[in-house]
Each structure stands twice: as structure tokens, then as C-alpha cells.
Amino acid sequence: MAANSSNGEQQTPSKPPPLPSPLRFSKFFQSNMRILVTGGAGFIGSHLVDKLMENEKNEVIVVDNYFTGSKDNLRKWIGHPRFELIRHDVTEPLLVEVDQIYHLACPASPIFYKHNPVKTIKTNVIGTLNMLGLAKRVGARILLTSTSEVYGDPLIHPQPETYWGNVNPIGVRSCYDEGKRVAETLMFDYHRQHGIEIRIARIFNTYGPRMNIDDGRVVSNFIAQALRGEPLTVQKPGTQTRSFCFVSDMVDGLIRLMEGENTGPINIGNPGEFTMLELAETVKELINPKVEIKMVENTPDDPRQRKPDITKAKELLGWEPKMKLRDGLPLMEEDFRLRLGVSKEK
Ligand SMILES: NC(=O)c1ccc[n+]([C@@H]2O[C@H](COP(=O)([O-])OP(=O)(O)OC[C@H]3O[C@@H](n4cnc5c(N)ncnc54)[C@H](O)[C@@H]3O)[C@@H](O)[C@H]2O)c1
Ligand SMILES: O=c1ccn([C@@H]2O[C@H](COP(=O)(O)OP(=O)(O)O[C@H]3OC[C@@H](O)[C@H](O)[C@H]3O)[C@@H](O)[C@H]2O)c(=O)[nH]1
């Protein structure tokens, strides 16, 4: 049955989806829903695993190369009978019998995805090709965590899914921005050519507990700096905007997309938009009023504005974020205090 694409026109595949394992049709079928999460040892992935494991009908397999993720994020599941953790790089083929694939494997922090740009684009292109080949072979439904970066430095604001973007094809961010755009292209080509069941989430900036403390992203940087009494490093011009979604809202959106009947792409993010100076002032107010704010140089091609139009997510998934930034930041502060060993001043 042709799924609907989020921009309205039918993306009717030329073939029906490949049949799942015959086992799933047997009336005595006892096995669980077998779910693969690539990049499941990462920030969003490990929270997704926590949520999926709450359902006793789910078996979860995580593959991860630990480039930016950590086994520590999954320690509570290691040894659990419905959980498996495999060290695997998605740029190499993988064969596991699964029913759903959440494909999150890709470094998300700009510092990390710029560290080895060729590897980043290989992960996005070859990694996604390998996961689509697996989906075709075993008849699995596959969800790609794409990104707001596919809009580049957007000329339309807020960004709807119908916006084709404004992306530099040869810049220092292109390994990620164009890599994710190619991944989306591959997803739709496998859908149209082979009938694969696809889901595409365009994730906007997400924050919360378990972010790497020094992964260089703005929310983790500001909170770690405030807790360490270091100046908050606002990258110029400071008036650039982002919209921040708390990780539990993000995970809820991803699961609704996977379980729904729409291919996407669908924006998943919080439309609450702030400048980086406003974010710094909020972190200073909530965490450490004595901390300084200092302007520092930015990096090339940094988008000037970003805010999701989440009309599709509301209408097609019945989803919208619940956590406001001022309520989410203290939860992240608590996590960072624990991990940094910095107690709250009385
Ligand atoms: N966090 C955000 O704000 C955000 C925004 C937009 C999109 N996304 C996307 O969501 C996904 C998860 O992001 P995150 O914030 O959890 O990042 P993260 O870096 O914490 O997680 C990525 C995980 O993928 C693993 N990985 C990277 N390359 C791999 C490879 N070649 N093979 C196997 N594993 C590999 C890493 O070790 C890590 O565990 C990514 O696809 C990212 O592009 C995140
Ligand atoms: O210390 C810092 C870090 C970052 N910034 C600024 O904060 C803004 C956000 O930067 P981040 O590095 O947190 O994140 P980005 O918005 O560049 O990318 C983020 O959103 C898109 C996702 O696909 C990426 O995975 C995610 O990292 C940028 O304008 C950056 O210049 C600071 O002002 N200070």
C-alpha cells in the first residue's frame, strides 16, 4: 500500500514492499518486534532505546562504532534478554533479521562531523545504502534521522518540508549537510524503485541529559561552562537563532513517525526560537548568574536562522513538543552536575 509523502503527492512505489519474514504471519507467532537502532549508543539513540525497551514486545539490537557514542549510555540494558549491543561500523554491510530499522548512526556535533569529513559523508551515503540494502533483504521498515541542516542557511523562515534549502555543496559542513540530503534521496529512490517502507525525520536542534559534555554543541557548551565558572562562548554574531527540542519530545516524535503511515520528510523540533545571546543569558540566569558572556569567532557557513514549521508533525503524527527550554535546561544541568561532580551551591 503506497504510503503518503508529507508534501502531499503520492510517492507510489513501482513495486509492493518486500515481504517480511513468513514467521510474522504464523498465527502462533510469539517472537517480539525486532528493532535495529544504528547509532543507538549515542545521545538521542540511547534515549530511544530506553523508550523502545519499555515495550515488552520489543527486542532491540544496537549497532554502534563508538565514535561519539558510549556503551555507558546503554549500561542498564547490557545483559537484558531482549537487548543486544554490537560494535559495528555502518559503512560495512550488516545482516540481521529485523522488522524495523531506526538509522541514527552519524556524528551530530559539528566539531565531530568536521573532524573526518570523508568518513562523515561515507557514513551518510554508504551507511544509509547498507541499511537500505538490509531493509530490502529482510523486509524491514526503515526510519532515517535526517536534519534541519538539509535546509542549509535557510532563505525561508520558518522552514517547511517543501523548502528545498540553501546549501553550500563544497563547504566545511557539506559532508554532513549534503550527506544527509543524499541519504534522503537514497531513501526515496529505494522506496520508489523497490517499494521499501521508509520514514524520514528532519530533526532540529535537540538537547538533554547524556549529551557529550565536551562535544562542542551550544547547549552542552554553555551548561558545562556555567558549571565550571568559565565564560559562555557566544560565537559571532550572537544574533543567529536556533530552536531547541528536549530529547524526550524528540524520541516521542520519532516513534510516532515510525509507527505511522507517512513517509515524511517531517520536521520534528520545537518552534521556540532564540538567539545565541538569549540562550546564553538564560543559562547565566538559571545556572550561574556570576558567569561572564564573551563573543568568539564562528566557523564558516553557520546558518543565521533556524525554526521548524511543525504543521505536518501536528497534523500527521498528532505530535508537538511539550518541554519548554526553561524547564528542560535544569534537567540537563542536573545530569551535567552529576557527571562533572559539581554540587549546587547552597
Ligand atoms: N542532536 C541533534 O541536535 C540532531 C539534530 C539533527 C539531526 N540529528 C541526527 O540524529 C542522529 C543522532 O544524533 P545524536 O545527537 O544522538 O548524535 P551522537 O553523535 O550522540 O550519536 C550518533 C551515534 O552514531 C554512532 N556512529 C557514528 N558514526 C557511525 C558509524 N559509521 N557506524 C556506526 N555508528 C556510528 C556514534 O558513535 C554515536 O553513538 C544523527 O543521525 C544526527 O545526524 C541530531
Ligand atoms: O560554544 C558555542 C557553540 C555553538 N555556538 C553557536 O550555536 C549555534 C548552534 O551550534 P551547534 O554546534 O550547537 O549546532 P548546529 O545548529 O550548528 O547543528 C546542530 O543542529 C543541526 C544538527 O544536524 C546538528 O547535528 C546539530 O549539532 C551556532 O550558531 C553556533 O555558532 C555558540 O554560540 N557557542
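**Before starting**

The structure is a predicted model, in which local features need pLDDT of at least 70 and side-chain atom pairs count only at pLDDT 80 or more, while totals for chains, interfaces and linings use all residues. Residues are numbered from 1 along each chain as its sequence is written, chains are lettered from A and ligands numbered from 1 in the order in which they are written, and side-chain values use heavy atoms, with hydrogens and water left out.

**Stop 1: ligand 1**

Next, display the backbone. A polar backbone atom of Ile44 is 2.8 Å from an oxygen atom of ligand 1, and one of Leu104 is 2.9 Å from an oxygen atom of this ligand.

Now extend the selection to the whole shell. Ligand 1 is surrounded by 31 residues, with Ile44, Asp64, Thr68, Tyr176 and Lys180 the closest; a residue is near a molecule or strand if one of its heavy atoms lies within 4 Å of it. By class, 14 of the shell residues are nonpolar, 12 polar and 5 charged. In this scheme, Ala, Val, Leu, Ile, Met, Phe, Trp, Tyr, Cys and Pro count as nonpolar, Asp, Glu, Lys and Arg as charged, and the others, Gly among them, as polar.

Colour the secondary structure. At least two shell residues come from each of helix 1 (43-53), helix 3 (117-138), strand 6 and helix 4. Strand 6 gives the largest share, 3 residues. Helices (H or I, at least four residues) and strands (E, at least two) are DSSP runs, numbered from the N terminus.

**Stop 2: helix 1**

Select helix 1, where 10 of the 11 residues are buried. Buried means under 20% relative accessible area, exposed over 50%, and partly exposed in between (1.4 Å probe, protein chains only).

Within helix 1, pick Ser46. Ser46 has a relative accessible area of 0%. Its side chain reaches the backbone oxygen of Gly42 at 2.7 Å, and a polar atom of the Ser46 side chain lies 3.1 Å from the backbone oxygen of Phe43.

**Stop 3: ligand 2**

Move to ligand 2. Which residues come nearest to ligand 2? They are Ala108, Thr147, Tyr176, Arg242 and Asp302, out of 22 residues around the ligand. Tyr176 can be selected again here: a polar atom of its side chain lies 2.6 Å from an oxygen atom of ligand 2. The side chain of Gln235 has an N or O atom 2.7 Å from an oxygen atom of the ligand, and a polar side-chain atom of Glu149 is found at 3.3 Å from one. The protein covers 95% of the 660 Å² of accessible area that ligand 2 has on its own.

The shell around ligand 2 consists of 7 nonpolar, 9 polar and 6 charged residues. Domain 1 (32-204 + 245-268) and domain 2 (218-241 + 272-307 + 322-340) each provide at least three residues; the domain bounds come from an automatic or database domain assignment.

**Stop 4: an aromatic cluster**

Finally, select Tyr151, Tyr163 and Phe204, which form one aromatic cluster. Rings of Phe, Tyr and Trp (its six-membered ring) pair if their centres lie within 6.5 Å; planes under 30 degrees apart count as stacked, over 60 as edge-to-face and the rest as tilted.

The whole structure holds 5 aromatic pairs. Tyr151 and Tyr163 are stacked, at 6.0 Å centre to centre with 15 degrees between the planes. Tyr151 is buried at 1% relative accessible area, and Tyr163 is buried at 11%. The ring centres of Tyr151 and Phe204 are 6.2 Å apart with the planes at 40 degrees, so this pair is tilted.

Technical notes:
Polar contact = N/O pair within 3.5 Å; in protein donor to acceptor, adjacent residues only side chain to side chain. Areas by Shrake-Rupley, 256 points an atom, 1.4 Å probe, with all protein chains shown as cover.
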